[in-house]
Amino acid sequence: YLDLRLLVSQPEVLQRAAQAYAEILKTLRFDRLAGIPYAALPIATAVSLQMGVPLLYPRKEAKEYGTRRGIEGHWEQGELVVVLDDLITTGGSKLRAIAPLEEAGLEVEDVVVLVDRGQGGGDELAEHGYRLHSVLKLKEILEMLSEHGRISTEQRDEVLAFLARRNRSG
C-alpha cells in the first residue's frame, strides 16, 4: 500500500514531487490542471504553484447547498485540462473524475500520476482515448529500494509476484 497523502507532511518532498510532475507537464499541451480529490489535491496545488497554471477540481459529490457546483475553480468550455492524481492501479477512478469535466465542456487528453502500480491502469485509460504519464513505476521504486538496502531482494520479489498475481486475476 502506498499512502502518498503523507506528502503533505513533508513540504520539501512535496515540492520535489511537484517539480517531477512539472517536468512531464512541460511536454504536454493544456490550459488548466485538474486534481482528483482527495489525495491529489495537495499535489495538484503544489504543481499549480510551481508552474503558475490555474487549477480546478471535480467534486466527489456535488454540493447540496450554495452554488451546487460539481467542479470547483474557473474555466471556459473547450479548454484542455490535464488530470493529476497520486497513483494509478486501474483506470476506474480516473475515468469517474474525467466524466464531469467532459460533461462541463472541458477536454481531457492526458493523465499524470506520481506512481503507476503497473496493474493495467494505463491500458484502461488508453482504451478510452487518454494517455497516461507517470513520474515513477512501482517496479522502479522496488528496484531502487532493493539497490539501496531499504528492502531485501526477497521483499522486492514478493511484491513483484503479488502484482503479477493481481494482474492475472483481473
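Arg-16 is exposed, with a relative accessible area of 63%. The residue belongs to helix α1, in a model that is predicted. Although Arg-16 and Ala-46 are separated by 30 residues in sequence, their C-alpha atoms lie 9.6 Å apart in space. Ala-46 is one of the α2 residues that make the contact with α1, and the packing of these two helices is the next topic.

Two packed helices are described by the angle between their axes and the distance between the axes. Helix α1 covers residues 11–25 and helix α2 covers residues 40–51. Their axes come within 9 Å and cross at roughly 65°. Angles of 65 to 115 degrees count as roughly perpendicular, and α1 and α2 are therefore roughly perpendicular to each other. The crossing in which α1 passes α2 is right-handed. On the α1 side, the contact is made by Leu-14, Gln-15, Ala-18, Gln-19, Tyr-21, Ala-22 and Leu-25. On the α2 side, Pro-42, Ile-43, Ala-46, Val-47, Gln-50 and Met-51 take part. Sorted by class, this contact between α1 and α2 has 10 nonpolar residues, 3 polar residues and no charged ones.

Ala-40 is also in helix α2. With a relative accessibility of 0%, Ala-40 counts as buried, because the cut-off for burial is under 20% relative accessible area. When neighbours within four places in sequence are left aside, Ala-40 is in contact with Leu-84, Asp-85 and Asp-86. Ala-40 and Leu-114 are 74 residues apart along the sequence, while the distance between their C-alpha atoms is 9.6 Å.

The loop between β1 (32–35) and α2 holds Tyr-38. A cis peptide bond joins Pro-37 to Tyr-38, with omega at about 0°. For context, most peptide bonds are trans.

Asp-110 takes the description to a strand. This residue is placed in β5, which spans residues 107–116. Is Asp-110 buried or exposed? At 2% relative accessibility, Asp-110 counts as buried. Residues up to four places away in sequence not counted, Asp-110 touches Leu-28, Val-81, Val-82, Val-83, Arg-131 and His-133. Asp-110 and Arg-29 are 81 residues apart in sequence, and their C-alpha atoms are 8.9 Å apart in space.

The remaining values concern the whole chain. How many helices and strands does the chain have? There are 6 helices and 6 strands. Read along the sequence, these elements follow the pattern α-β-α-β-β-β-α-β-α-β-α-α. The radius of gyration is 17 Å, close to the 15 Å that the globule rule gives for 170 residues, so the chain is as compact as a globular protein of that length. Taken along the principal axes, the box filled by the C-alpha atoms is roughly 55 × 35 × 35 Å. Of the 170 residues in the chain, 42% are buried; Ala-40 and Asp-110 count as buried, whereas Arg-16 is exposed.

What share of the chain's contacts between residues at least 6 apart in sequence joins residues at least 24 apart? That share is 59%.

Terms used:
Residues numbered from 1 in each chain as written. Predicted model: local features only at pLDDT ≥ 70, side-chain atom pairs only at ≥ 80, totals over all residues. Heavy atoms only, no water. Axes fitted to C-alpha atoms, helices over the stretch in contact; angles between N-to-C directions. Helix = DSSP H or I, 4+ residues; strand = E, 2+ residues; numbered from the N terminus. Parallel < 35°, antiparallel > 145°, perpendicular 65-115°, else oblique. Left-handed = near helix turned anticlockwise from the far one by under 90°. Contact = heavy atoms within 4.5 Å. Nonpolar A, V, L, I, M, F, W, Y, C, P; charged D, E, K, R; others polar. Rg over C-alpha atoms; globule rule 2.2 N^0.38 Å. Buried < 20%, exposed > 50% of the residue type's maximum accessible area, 1.4 Å probe, protein only.
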